[in-house]
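Welcome, and thanks for taking a look at this one. Please keep the sequence and the 3D view open side by side as you read.

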Amino acid sequence: MNEKCMMKKSIDSICFSILETELFLDTHPRDQKALHMLREYRRRKREAIAAYEAKFGKYIVTTDDVPASDRWCWIDSPWPWERQV
Amino acid sequence: MWKYEKKLQYPVNIKNPNPKYAKIIISQYGGPDGELGASMRYLTQRYGMPYNEVKGILTDVGTEELAHLEMICAMVYQLTRNLTPEQIKASGFDTYFVDHTASVYPVAASGLPWRAEYIQSKGDIIADLHEDLGAEQKARVTYDNLIRLIDDPDILDPLKFLRQREIVHYQRFGDAKHTHSNRFIYKVHNQKKGLSKHGSPLCFYSSSLL
């Protein structure tokens with residue numbers, strides 16, 4: 001696995017930790033340890049995405065992104081269901 | 001509203017197309033215990049729920065199920081690329097192909113299209129959460145069965161991830177049920193002490209009856 005894939009995988013795993021913590025907080029909204037973990041994961045996500053984007057460009061294109069060129073790059077391949085070769 | 005993130009929750013990258021596997025995996029999209037039913041069940045039940053904890057978990061799990069539905073569709077899509085007519089006939093995929101070509105359509109492995117009868121929205125927190133707990137276990141068993149029938153590691157990896165999610169969702173719905181039970185005990189306690197004017201526990205189950 002190359003560095004780009006490794007960094008992407010690391011962001012995805014932090015995103016997964018965030019999702020898990022959010023689900024837990026739905027039924028434990030006053031759990032201070034979980035709230036602390038959520039803040040920590042979100043900080044790590046910001047840092048990991050910044051590090052990735054400094055090296056490789058956008059982590060994922062969103063519709064909020066101002067197109068760098070004169071075209072709407074939201075529609076560009078690959079779409080998520082397409083095999084990443 | 002929802003906002004689309006242009007990525008899968010967990011990667012699906014299947015090297016070898018296999019229409020036979022596609023035909024059974026599609027059950028986790030449009031089958032009786034599939035992800036389409038799961039997302040519709042939870043997102044629909046939200047409106048009958050009296051507590052914010054339960055509205056929250058149904059919203060977030062229902063949303064995650066949409067991401068799972070997308071993973072299942074990605075698997076079916078990748079398993080049905082570049083097929084020859086011979087492969088389609090030999091694999092038994094021809095009975096699906098004749099109606100849908102290689103597009104994705106919500107059916108069970110048996111070919112039965114998705115039906116709204118697969119889900120319930122009863123407007124009662126106990127009835128609905130018990131259905132949700134059962135639904136997660138049935139989906140888990142369906143993943144168990146797929147894992148028994150499939151031997152390609154590229155397919156097994158995302159299937160195992162999805163199987164684990166069923167278990168986590170079961171835990172979270174269990175927590176939601178406990179949240180309710182605790183409130184119920186508190187309420188009965190208050191009623192005994194004459195602190196509440198609400199009469200029967202029935203009123204407690206559904207806020208709309210109060």
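Here is a short briefing, grouped by topic. Please bear in mind that this is a predicted model. Chain A holds two helices and zero strands, while chain B comes to nine helices and zero strands. The two chains touch through a contact that takes 12 residues from chain A and 21 residues from chain B.

**Chain A: overall form**

- The radius of gyration of chain A is 16 Å, whereas a compact globule of 85 residues would have one near 12 Å.
- Of the 85 residues in chain A, 11% are buried.
- Take the contacts in chain A between residues at least 6 apart in sequence: 44% of them join residues at least 24 apart.

- Does the length of helix 1 fit its residue count, or what should it span? At 1.5 Å a residue, the 25 residues of helix 1 (residues 3–27) of chain A should span 36 Å, and the end C-alpha atoms are 38 Å apart, which agrees.- The buried residues of helix 1 of chain A include Lys8(A), Ile11(A) and Ile14(A). Further along helix 1 of chain A, Thr21(A), Leu23(A), Phe24(A), Asp26(A) and Thr27(A) are buried too.
- Which two residues of chain A does a cis peptide bond join? The pair is Ser77(A) and Pro78(A), with omega at about 0°.
- Pro78(A) sits in the segment after helix 2 (32–56) of chain A.
- As background, most peptide bonds are trans.

**Chain B: overall form**

- Read from the N terminus on, the elements of chain B run α-α-α-α-α-α-α-α-α.
- Buried residues account for 37% of the 210 residues in chain B.
- In chain B, 76% of the contacts between residues at least 6 apart in sequence join residues at least 24 apart.

**Chain B: helix 3**

- How many of the 11 residues of helix 3 (residues 35–45) of chain B are buried? Eight are, and the helix is mostly covered.
- Those buried in helix 3 of chain B are Glu35(B), Leu36(B), Gly37(B), Ala38(B), Ser39(B), Arg41(B), Tyr42(B) and Gln45(B).
- As for their partners, the buried residues of helix 3 pack against helix 2 (27–30), helix 4 and helix 7 (125–149) of chain B.

**Where the chains meet**

- The contact draws on 21 residues of chain B and 12 residues of chain A.
- On the side of chain B that touches chain A, helix 4 (52–79) and helix 8 (153–192) of chain B each supply at least two residues.
- Helix 4 of chain B gives the largest share of that side, 11 residues.
- By type, the residues of the side of chain B that touches chain A divide into nine charged, eight nonpolar and four polar.

**Chain B: positive phi in two loops**

- Most residues other than glycine have a negative phi.
- Asn82(B), although not a glycine, has a positive phi of about 50°. Look for Asn82(B) in the loop between helix 4 and helix 5 (85–91) of chain B.
- Is Asn82(B) buried or exposed? Asn82(B) is exposed, because it has 7 other C-beta atoms within 10 Å, and a residue with 12 or fewer counts as exposed.
- Thr101(B) is also a residue other than glycine with a positive phi, near 50°. Thr101(B) is placed in the loop between helix 6 (94–100) and helix 7 of chain B.
- Thr101(B) has 10 C-beta neighbours inside 10 Å, so Thr101(B) counts as exposed.

How values were computed. Residues are numbered from 1 along each chain as its sequence is written. Chains are lettered from A and ligands numbered from 1 in the order in which they are written. This is a predicted model: local features need pLDDT of at least 70, side-chain atom pairs count only at pLDDT 80 or more; totals for chains, interfaces and linings use all residues. Helices (H or I, at least four residues) and strands (E, at least two) are DSSP runs, numbered from the N terminus. The radius of gyration is taken over C-alpha atoms; the globule rule is 2.2 Å times the number of residues to the power 0.38. A residue is buried if 20 or more other C-beta atoms lie within 10 Å of its own, exposed if 12 or fewer, and partly exposed in between; C-beta atoms are placed from the backbone. Two residues are in contact if their C-beta atoms, placed from the backbone, lie within 7 Å. Ala, Val, Leu, Ile, Met, Phe, Trp, Tyr, Cys and Pro count as nonpolar, Asp, Glu, Lys and Arg as charged, and the others, Gly among them, as polar. The expected span of a helix is 1.5 Å times one less than its number of residues.
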